[in-house]
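Let's take a walk through this fold, starting with the overall layout and working down to single side chains.

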Amino acid sequence: MRATLSALVERDALSHKAVHGNDDAERRLTSEELSDLAVDLWYLPADRVAGGTVVVTMEDEEAVEAALDELSFPGASDLMREWRRDAVRAAYEYLHDRHSATDADFVEEVYPTQPAGYATGEAWWDCVAPRLAELPDVESDDGEWRVDT
């Protein structure tokens with residue numbers, strides 16, 4: 001989710017601000033204590049809501065690539081990390097084409113063509129699933145995955 005929001009900020013579709021707060025007016029906090037209380041806020045810039053209508057669009061492919069760029073991938077080499085990035089992209093494309101899938105569907109259908117250096121589908125899914133969940137419009141609930149297209 002954070003990657004998607006960051007991509008929208010880069011495209012000036014959203015603004016971002018870290019807000020620091022203190023609900024105890026009697027106590028002055030140190031700068032370290034204040035940064036511990038920081039909250040990230042994402043909001044629409046005033047010029048985007050001035051007309052009363054807000055339309056935020058982003059090409060799916062661009063949003064997915066931006067989100068993938070924000071993710072970190074395990075691996076001993078750049079090549080291995082790229083394989084794992086490709087595996088997450090393939091899982092997203094599979095879900096996008098089907099609109100819904102189960103954990104088992106990904107392991108049965110995507111893992112064999114994109115093993116990303118993993119010896120088992122379970123290990124592969126442990127890498128792919130949390131990263132897939134970070135991609136735009138992807139939702140999961142108890143092993144059921146959906147993408148809103």
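**From layout to side chains**

Reading from the N terminus, the elements come in the order α-β-α-β-α-α-α-β-α-α-β-β. That makes seven helices and five strands. Keep in mind that this is a predicted model.

Before zooming in, here are some numbers for the whole protein. Of its 149 residues, 32% count as buried. The accessible surface comes to about 9500 Å², and carbon and sulfur atoms hold 47% of that. If you take the contacts with a separation of 6 or more, residues 24 or more positions apart account for 55% of them.

Now for the inside. In soluble globular proteins, nonpolar side chains tend to be buried together. Here the largest nonpolar core has 28 residues, and the members that touch the most other members are F106, W124, W125, L132, L135, V138 and W145. Which elements give two or more residues to this core? They are α4 (60-70), α5, α7 (121-132) and β5 (144-147). Helix α5 gives the most, with seven residues.

Leaving out residues up to four places away in sequence, W125 touches D103, F106, V107, P130, L132 and W145. Among these, F106, L132 and W145 are also on the list of core members with the most partners.

Beyond residues up to four places away in sequence, R89 touches E65 and L68.

The E65 contact is a salt bridge, with the closest N and O atoms of R89 and E65 2.8 Å apart. R89 sits in helix α5 and E65 in helix α4, so the pair ties together parts that are 24 residues apart in sequence. E65 itself counts as partly exposed, at 26% relative accessibility. Look around the pair and you'll find a network of salt bridges linking E65, D69, R85, D86 and R89.

How many salt bridges does a search of the whole structure find? It finds seven. One of the other pairs to look at is D105 with R98, whose side chains meet at 3.7 Å, N to O. D105 is buried at 18% relative accessibility, while R98 is partly exposed at 40%. Another salt bridge joins R146 and E139, with the closest N and O atoms 3.7 Å apart. In that pair R146 is partly exposed at 35% relative accessibility, and E139 is partly exposed as well, at 45%.

Methods. Residues numbered from 1 in each chain as written. Predicted model: local features only at pLDDT ≥ 70, side-chain atom pairs only at ≥ 80, totals over all residues. Heavy atoms only, no water. Contact = heavy atoms within 4.5 Å. Core = buried A, V, L, I, M, F, W, Y, C linked by side-chain atoms within 4.5 Å. Buried < 20%, exposed > 50% of the residue type's maximum accessible area, 1.4 Å probe, protein only. Helix = DSSP H or I, 4+ residues; strand = E, 2+ residues; numbered from the N terminus. Areas by Shrake-Rupley, 256 points an atom, 1.4 Å probe, with all protein chains shown as cover. Salt bridge = Lys/Arg side-chain N within 4 Å of Asp/Glu carboxyl O.
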